[in-house]
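I opened my notebook for a new chain.

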Amino acid sequence: MKNRQIKRVLVILSMLSLVFILTACGTGPVTQNSTGFWDRYVVYTAGQFVIWLANLFGGNPGVGIIAFTLIIRILIFPLSYMSIKSMSKQQEIAPQLKELQRKYSSKDTETQTRLRDETQKLYASAGVNPVMGCLPIVIQMPFLIALYQAILRTSSLQTGTFLWMNLSQPDPLWIMQILATLFTLGTSVLSMMAQPTRNSSSWLMMIVSPVMIFVFSITLPSALAIYWVVTNAFSMIQQLLIQNPFKIRREREAKAQAEKEKERALKRAYKKATKRRK
């Protein structure tokens with residue numbers, strides 16, 4: 001479980017790094033006459049879609065970006081739902097997985113093969129798909145990269161403004177950067193609160209993502225910070241709806257209390273039975 005959480009952190013870092021690296025790629029403007037699949041059909045289409053949404057909701061490109069983000073999140077909601085449920089099941093079987101790792105701790109090939117087989121059987125019986133944990137993140141990245149390129153390479157968006165911000169430049173007041181970080185942190189905290197146990201990788205996951213979002217949003221266009229603010233605010237609401245940690249905590253406490261009551265009842269019954277024998 002720990003290794004999978006670390007891998008998930010690495011996937012997030014890799015994807016965010018990819019966005020940053022693409023800063024230097026394809027800086028020329030895109031138009032309907034642009035050539036190449038990426039420029040003509042991805043970046044240009046993304047830019048035109050944002051402009052269309054902006055015109056639909058009053059003409060401000062910032063509002064278009066917010067609408068664009070919400071549409072993407074709604075479209076991938078089923079995948080996010082399955083991802084959260086799959087991760088929840090992984091957390092439930094974590095003790096069994098840990099026991100398997102203890103049982104097959106030897107590093108020889110035969111033992112490790114047996115461990116993989118038993119792990120797959122455990123996942124199958126619990127209905128867990130390990131790939132689902134990172135799938136929503138991976139699916140979002142092409143849209144995020146396309147939006148980034150569209151902002152920088154579509155003239156009407158490049159000069160667009162939203163509230164006090166130039167969308168192609170970082171927020172000079174750092175408000176979007178801070179909000180993006182806080183919402184990312186909030187999502188991570190809610191996710192960790194829903195876990196039955198916490199370890200070092202859980203804390204790593206909670207800290208790394210917000211820090212990386214903050215670092216990247218300092219230098220990247222405020223349009224992307226708006227995207228991160230909206231998408232992580234959506235994620236917080238989604239987490240509360242699908243896997244409310246406060247409800248889960250109450251249920252766990254009620255279950256633990258019921259177990260204690262059961263143990264007390266058994267002890268009382270045992271004492272009564274012992275007295276009768278005497």
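In which helix does Gln238 lie? I found Gln238 in helix 11, residues 222-242. I took helices (H or I, at least four residues) and strands (E, at least two) from DSSP runs, numbered from the N terminus.

**Ground rules.** This is a predicted model, so I kept the cut-offs in view: local features need pLDDT of at least 70, side-chain atom pairs count only at pLDDT 80 or more, and totals for chains, interfaces and linings use all residues. Residues are numbered from 1 along each chain as its sequence is written, and side-chain values use heavy atoms, with hydrogens and water left out.

**Entry 1: Gln238.** Is Gln238 buried or exposed? I looked up a relative accessible area of 5%, so Gln238 is buried. Buried means under 20% relative accessible area, exposed over 50%, and partly exposed in between (1.4 Å probe, protein chains only). Next I listed what Gln238 touches, leaving out residues up to four places away in sequence. The list is Arg73, Phe77, Ser80, Ile84 and Gln243. A contact here means heavy atoms within 4.5 Å.

**Entry 2: the whole chain.** I read twelve helices and two strands in the protein chain. Their order along the sequence is α-α-α-α-α-α-α-α-β-β-α-α-α-α. Of the 278 residues, 42% count as buried. I also checked contacts between residues at least 6 apart in sequence: 75% of them join residues at least 24 apart.

**Entry 3: the UniProt record.** An unreviewed UniProt entry places "transmembrane region" at residues 50-76, 131-152, 172-190 and 202-219. Positions are in the numbering used here, feature names are shortened, and annotations may be inferred rather than shown by experiment. I looked at two of these stretches in the model. Residues 50-76 are 81% helix and 0% strand, with end C-alpha atoms 18 Å apart. Residues 172-190 are 84% helix and 0% strand, with end C-alpha atoms 29 Å apart.

**Entry 4: the cores.** How many residues does the largest nonpolar core have? I noted 29 residues, and those with the most contacts inside this core are Ile65, Leu147, Leu224, Ile226 and Trp228. A nonpolar core is a set of buried Ala, Val, Leu, Ile, Met, Phe, Trp, Tyr and Cys residues joined through side-chain atoms within 4.5 Å. Elements giving two or more residues to this core include helix 2 (37-56), helix 3 (61-75) and helix 7 (135-153). Helix 11 gives the most, with eight residues. A second, separate core has eight residues, among them Ile93, Tyr104, Leu115 and Tyr123.

**Entry 5: the rings.** I counted three aromatic pairs in the structure. Rings of Phe, Tyr and Trp (its six-membered ring) pair if their centres lie within 6.5 Å; planes under 30 degrees apart count as stacked, over 60 as edge-to-face and the rest as tilted. Phe49 and Phe68 pair edge-to-face, 6.1 Å centre to centre, with 65° between the planes. Phe49 lies in helix 2 and Phe68 in helix 3, so this pair ties together parts 19 residues apart in sequence. Phe49 is partly exposed at 29% relative accessibility, whereas Phe68 is buried at 4%. Trp174 and Phe214 are also edge-to-face, because their ring centres are 5.8 Å apart and their planes are at 65°.
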